[in-house]
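Have the viewer ready, and let us begin with what counts as a touch.

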Amino acid sequence: MGVIYVLLTISIIVAIIFFVAFIISVRNGQYDDVYTPSIRMLFDDELIKDSKEKSSESNKTKQS
């Protein structure tokens with residue numbers, strides 16, 4: 001029974017250490033995404049082209 005208490009205590013300590021490490025890494029910006037914002041404008045241009053092409057195609061069919 002004493003072994004269970006020791007293992008439970010050790011596991012709680014390890015969990016707290018990992019939680020503190022996670023909080024520190026989040027505050028330091030470890031999980032900030034710096035790549036996606038730089039390429040987001042490339043994807044937005046493609047979406048605008050697609051919508052313009054669809055609207056021009058629908059205008060051509062309406063005019064015909």
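Two residues are in contact when heavy atoms of theirs lie within 4.5 Å. With residues up to four places away in sequence left aside, serine 25 touches Gln30 and Tyr31.

A word on the basis: this is a predicted model, in which local features need pLDDT of at least 70, side-chain atom pairs count only at pLDDT 80 or more, and totals for chains, interfaces and linings use all residues. Residues are numbered from 1 along each chain as its sequence is written, and side-chain values use heavy atoms, with hydrogens and water left out.

**Overall picture**

The protein has two helices and zero strands; these are DSSP runs, H or I of at least four residues for helices and E of at least two for strands, numbered from the N terminus. Its accessible surface, from the Shrake-Rupley method with a 1.4 Å probe, is about 6200 Å², and 66% of that belongs to carbon and sulfur atoms. Of the 64 residues, 3% count as buried. Buried means under 20% relative accessible area, exposed over 50%, and partly exposed in between, with a 1.4 Å probe and protein chains only.

**Helix α1 and what follows**

Helix α1 covers residues 2–27, 26 residues in total. The expected span is 1.5 Å times one less than the number of residues; for α1 this gives 38 Å, and the end C-alpha atoms are 38 Å apart, which agrees. After α1 comes glycine 29, with a positive phi near 85°. Both serine 25 and valine 26 belong to α1.

| Residue | Relative accessibility | Class |
|---|---|---|
| Phenylalanine 22 | 41% | partly exposed |
| Serine 25 | 16% | buried |
| Valine 26 | 41% | partly exposed |
| Tyrosine 31 | 57% | exposed |

**Rings and a nonpolar patch**

Rings of Phe, Tyr and Trp (its six-membered ring) pair if their centres lie within 6.5 Å; planes under 30 degrees apart count as stacked, over 60 as edge-to-face and the rest as tilted. How many aromatic pairs does this rule give? The count is one. Its rings belong to phenylalanine 22 and tyrosine 31, with centres 5.9 Å apart and planes at 45°, so the pair is tilted.

Phe22, Val26 and Tyr31 are also among the residues of a nonpolar surface patch, whose members together have about 950 Å² of accessible area.

How values were computed
Patches are made of residues with over 30% relative accessible area and no salt bridge: like charges are joined within 9 Å, nonpolar side chains (Val, Leu, Ile, Met, Phe, Trp, Tyr) within 5 Å. A salt bridge is a side-chain nitrogen of Lys or Arg within 4 Å of a carboxyl oxygen of Asp or Glu.
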